[in-house]
Amino acid sequence: MIHILFVLHILRKGGAAQQWVEPIKGLDKATYRISVAINKYEETGYQSVLEDLNIPIYCFMRKHKYDISPVLAIARIIKNEKVDIVHSFLVLGSLFGLIAAKLTRKPIVCSALRTARDTNIREVLLSHTLSYFPEYFVSNSMAGFKSRFKKMRNNFKVVYNGMDFTRFSVDSDRQSMIKSEFGLAKWGNVVGMIASLSHKKDQRTLLYSAKMVIEKYPDTLFIFVGDNVRGRLELLKKQANELCINENVIFTGFRSDVDQIVQLLDISVLLTYEKYAEGSPNAVIESLAVNKPVIASKGGGTDEVVEDGVTGLLVEPANALQTASAIIKLIEDTDLAKRLADNGSSLVAKKYALKRYVTEYESMYKALID
């Protein structure tokens, strides 16, 4: 049996974190023994998922910014638990995991690149340093490599996100409760953006777009699903108030039932600032998986999911007028909306299937053991 230790920073739920949970769920437990090492727990994280799968969780607790003790803690876990392969996720987890793996002379798969580009010198230095030493250095988009490196190296691998589509089975009772909670029955169109309220996501532009759409179609509701990050919710609420669109806007905060909410949207939108272009945007993939037409900011790995006019509509970053025009276009042309949704659904069923995702990682594991 092959023992794999997954190393990551936190168990917080979100698009990036979902992608380390999927292989853990999908790997054959008769072939692979799995353990997880994390820095800290999150109340709303994936701890319960791991516990249901009887996956042991080790916590290495970093005490301060420059604390290197987690490396030694992970190395002890590798040695004491007879780990065969280390698989790290995101930059911090990959940094700790890589050093510990090298200290214990174990092979490592670093799934470090989850965005389309680095945004500061610190990220540049980290991504380039990490890229040289693992047996496999993984990005979830080709854009993630192209923006950072002049050429592909032998240890570089692109593994597009995988999705467990069974998550989207319809829960009629839950959906009825959501409809009642948000009063969806009174609205003619429901437009949603599912993304944390962080500085990387562009809810501000969608609010400006909402103003233009509502002027033409006042029966349109805009739902923003995502947890509040660093007080940004208050800024967005203030903007909605200044635009006089409060009655047409709902901020839901963190929701554990996103898989059901997305199925109640008429149009799904994901806007991102150009500087923070997406790697492989889960919100877009999930929306297409449930046959919803998508509008997304152009750039990065999003272009590898959405082909403009074929599987969705692409708009220039921070362009409220273009975004509003795209929303109105889909409201008015229901045939186009259906065609885009159908094409997108077919695409993700093939390109982003969980089985394909797990198989690609399994091929790396086997190559490291053979």
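Modeller: In this predicted model, the protein exposes about 16800 Å², and carbon and sulfur atoms supply 52% of that area.

Colleague: What makes the radius of gyration of the protein agree with that of a compact globule?

Modeller: A compact globule with 370 residues would have a radius of gyration near 21 Å, and because the protein has 21 Å, the value agrees with the rule. Along its principal axes, the C-alpha trace spans about 65 × 45 × 40 Å.

Colleague: How many of the residues count as buried, and what does that word ask of a residue?

Modeller: Of the 370 residues, 56% count as buried, a word kept for residues under 20% relative accessible area.

Colleague: Why is Glu-360 called partly exposed?

Modeller: Its relative accessible area is 27%, and since buried means under 20% and exposed means over 50%, the value falls in between, so Glu-360 is called partly exposed. Glu-360 belongs to helix H14, which runs over residues 354-369, and, leaving aside its neighbours within four places in sequence, it is in contact with Val-158 and Val-159.

Colleague: Which residues have the most contacts inside the largest nonpolar core?

Modeller: That core has 64 residues, and those with the most contacts inside it are Leu-207, Phe-222, Ile-295 and Ile-327. Its largest share, 6 residues, comes from helix H12, residues 320-332. Apart from this core lies another, of 30 residues, including Phe-6 and Tyr-365.

Colleague: What makes nonpolar side chains gather in this way?

Modeller: In general, nonpolar side chains tend to be buried together in soluble globular proteins.

Note on methods:
Residues are numbered from 1 along each chain as its sequence is written. This is a predicted model: local features need pLDDT of at least 70, side-chain atom pairs count only at pLDDT 80 or more; totals for chains, interfaces and linings use all residues. Side-chain values use heavy atoms; hydrogens and water are left out. A nonpolar core is a set of buried Ala, Val, Leu, Ile, Met, Phe, Trp, Tyr and Cys residues joined through side-chain atoms within 4.5 Å. Buried means under 20% relative accessible area, exposed over 50%, partly exposed in between (1.4 Å probe, protein chains only). Helices (H or I, at least four residues) and strands (E, at least two) are DSSP runs, numbered from the N terminus. Contact means heavy atoms within 4.5 Å. The radius of gyration is taken over C-alpha atoms; the globule rule is 2.2 Å times the number of residues to the power 0.38. Accessible areas come from the Shrake-Rupley method with a 1.4 Å probe; for residues, only the protein chains shown count as cover.
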